[in-house]
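Please look over the model below before reading on. My notes follow it.

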Number of protein chains: 2
Amino acid sequence: MREPILFPLDLPELSVELGGGTIRRTVHPSGLRILTEHMPAARSATVGFWVGVGSRDEQSERSDAPGSLGSTHFLEHLLFKGTPSQDAYEIATSFDRIGAEHNALTAKEYTCYYAKVRDADFEHAVGSLADMVTNSLLDAEEFEMERGVILEELAMAADDLGDVASERFFEEVLKDHPLGRPIGGNPDTIRAANRDDVDRHYRDRYDPSTLVVTAAGAVDHDRLVEMVLAALNASHEERWHTDRAGVPERRERGNLEPVDTREAGEGFVTVERPSEQINLLLGAPGFVAGDPRRFAFGMMNSVLGGGMSSRLFQEIREKRGLAYTTYSFGASYSDAGLFGIFAGSAPEKTAQVIELSKQELAKIAADGITDEEFERSLGQIAGSSALALEDTETRMGRLARAELGAGELYDLDTSLERFEAVTADEIKAVATYFANTPLTVVAVGDTGKMTR
Amino acid sequence: MREPILFPLDLPELSVELGGGTIRRTVHPSGLRILTEHMPAARSATVGFWVGVGSRDEQSERSDAPGSLGSTHFLEHLLFKGTPSQDAYEIATSFDRIGAEHNALTAKEYTCYYAKVRDADFEHAVGSLADMVTNSLLDAEEFEMERGVILEELAMAADDLGDVASERFFEEVLKDHPLGRPIGGNPDTIRAANRDDVDRHYRDRYDPSTLVVTAAGAVDHDRLVEMVLAALNASHEERWHTDRAGVPERRERGNLEPVDTREAGEGFVTVERPSEQINLLLGAPGFVAGDPRRFAFGMMNSVLGGGMSSRLFQEIREKRGLAYTTYSFGASYSDAGLFGIFAGSAPEKTAQVIELSKQELAKIAADGITDEEFERSLGQIAGSSALALEDTETRMGRLARAELGAGELYDLDTSLERFEAVTADEIKAVATYFANTPLTVVAVGDTGKMTR
């Protein structure tokens, strides 16, 4: 069996040939980490500046101010608002004039600022991103303006019933776990947010030991290392200078048993909103990122709700016309995870959809999957992963998640071997695990009309 | 000035070298057209089966049944439901087991069935798509089941305020023009739909003269032609056999002056829905697909609302925090087009957003754009187009739209030359055209709270 590529924190340099490309990794004495995947045929590249800090880290011992919920996401917005050398308009212009696909995202365990550009524009993009990440002013006036923008962003999400269901599902399944909180905070915490909290968050958590720069496509590793080091040392903020030794930060992995954060018993939560459809989520705590059952889960999930030929799609949509969209999914974090089933359907069909969902899960628990389903799931994972990895953005993200996560990168062949080695019993065991767990149900929409 | 690549209907074979790749086109005596773009470095390919029939063609002289609205989209669904050699489950399995990204889309002027796959799976995907397109049974029981699925799809769209605003905007701006109708019909027409209407639509409009097969990536043109011809001749339906001569169908291009389908005067339409935000669209009839002003429009649109540095984004979001999302856009069809501005913002901010939108348009009309804006727009169009064209799906779609449209393909360099040649006066003239047109406003949400 092949082994994953390991990224030990005390290994200064690493180079691995991989399927036509080369992965390289540098751990600088300052704690800064830079990882690249050179793809010989690529004429473009994606570069990301990642910080291993997400919404789950708000209201920790380091930051317990009332306005801190949503501060990670608030900070992400503010990094676009100006540095001593470029104001917000110049930052926007800097990416627009090269037609970059650029954006930022705040997740539960990390924050990322990235740009996808033509090869000739790569150095320009790196320079702009480095300036934003290391030199942002968090200007007080811009802070107030951005408060309004973020309130509009939350209002937009509040009007999206799927978003509402998803946030509520995390809250109900993970309860008081920090991963259960919404990423962006809520209107009250954003109204209460103040510049000092966000500024402290920036100064406390953004430095070379938390920064991971990854790039994939038409990239030159040595040149990128040189550029990033130069940018950090040119920062107006001393904490970025790389002459001091630092220890790279990596989130510790939690217990390999799922954190059982739920009260015993099945929860059924409704959020009443005028609507045509109920946005329905059923699920339970799932597996943490490193759980050895993750490959069996991947196969089970593919058969249960992973495509048009999956059991949920066939039973709920194709045989009965009860929904347009239905699928199952897993989400894994360092010390908690979720398993869920989604369906959108008319209120009077909800009860039947819930019943069918549980039935299909129970069937796999009782009888396992067929050989044909096993082969198909393997093929689906192999094909869709290969297509996804053509994109420089996917590879850039894969490097960062491996580095910020367990420090292990499963390349495509290695992970396919693991999926192939999953046994029928392991798949049944995973389905049984969830079939025997009381499922939380979240229903958002015109729930008064719902059958239960 | 470079010229576009022309696709005359009476030219049986064409081959053009283009930026490292090769575009080839075959027009078969049966009317069937096949176009490919070979990309030497590609390890995957996207193939699409296109039919030049869209929602605008419903309720024409050929089909005026009351249940016909939405029949094009209904047919698209049914093509996944089975042929004599594979039932719906086998079709789903056929794509899932290779991890294909496959789907179909019904637009206003065409319908497309496509799959993106690894190179080794290409022939398999072509076989499956060809079978669906030429041999579908439109089984009566499957028809009834799919009616429920489509009603759920419409319900999902009805819960999305952005979708509601967009459909209403088309209706209000284009009035009784067939392009103004929603693509999927509405719940009443779907409840009234019957199998005979959809079946007649399939038999009348799907044949070699309306079929365009396009592929990009790791493709062999001659082999694709051979495969598609073999599939058509193996069809259970004689109309697909390619031994009879046919004339390829291409939609006639309408008047180059925008169709003025509006009543005189400014319309302000509200759709009341409980919401946090108003989904706001302002706009007017725009330019048809071949309009010579389209390059000037592209530059004007980029400056007005084409990115984070655009005037709308700066004035509405960055300087005032009134919205999270705002942009401008154009949509062009063979004989009508639209120009629009979108913003999502709290009801009490709506009046200001409308005012600012009109002001920014008027400013470009009065003063034009700056040299810096001109250069930036060119760079943005060049960069984003180059990145988009890395995807085999983009190139596959480009070939089909050129063939089904005017029969002209502007490759990247040719179109960039046209953008570069736009004059300051032409840009001002385009802005003036819209600044002097009464704009229709559509507002969806809690409009009772709205300021006007």
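1. **Basis.** This is a predicted model, in which local features need pLDDT of at least 70, side-chain atom pairs count only at pLDDT 80 or more, and totals for chains, interfaces and linings use all residues. Residues are numbered from 1 along each chain as its sequence is written, chains are lettered from A and ligands numbered from 1 in the order in which they are written, and side-chain values use heavy atoms, with hydrogens and water left out.

2. **Interface extent.** On the chain A side, 62 residues are in contact with 63 residues of chain B. Contact here means heavy atoms within 4.5 Å. The two chains bury about 4800 Å² between them, 56% of it on carbon and sulfur atoms. Buried area is the accessible area (1.4 Å probe) that two parts lose on being put together, summed over both.

3. The rule finds six salt bridges across the interface of chain A and chain B. A salt bridge requires a side-chain nitrogen of Lys or Arg within 4 Å of a carboxyl oxygen of Asp or Glu. One of them joins Lys81(B) to Glu318(A), with the closest N and O atoms 2.9 Å apart. The elements giving two or more residues to the chain A side include helix H2 (88–96), helix H10 (311–318) and helix H12 (371–388). Helices (H or I, at least four residues) and strands (E, at least two) are DSSP runs, numbered from the N terminus.

4. **Cysteines.** The count is zero disulfides over all chains; the criterion is a pair of cysteine sulfur atoms within 2.5 Å. Cys112(A) is buried, at a relative accessible area of 1%. Cys112(B) is buried too, with a relative accessible area of 1%. Buried means under 20% relative accessible area, exposed over 50%, partly exposed in between (1.4 Å probe, protein chains only).

5. **Ile5(A).** This residue sits in strand S1 (residues 5–6) of chain A. At 9% relative accessibility, Ile5(A) counts as buried. Beyond its neighbours within four places in sequence, its contacts include Leu14(A), Val16(A), Ile23(A) and Leu409(A). The C-alpha atoms of Ile5(A) and Pro187(A) are 43 Å apart.

6. **Helix H1 of chain B.** Is this helix enclosed or open? Eight of the eight residues of H1 (residues 71–78) are buried, so the helix is largely enclosed by the rest of the structure. Among them are His73(B), Phe74(B), Glu76(B) and His77(B). The buried residues of H1(B) pack against H10 of chain A, and also against elements of chain B including helix H4 (140–158) and helix H7 (195–205).
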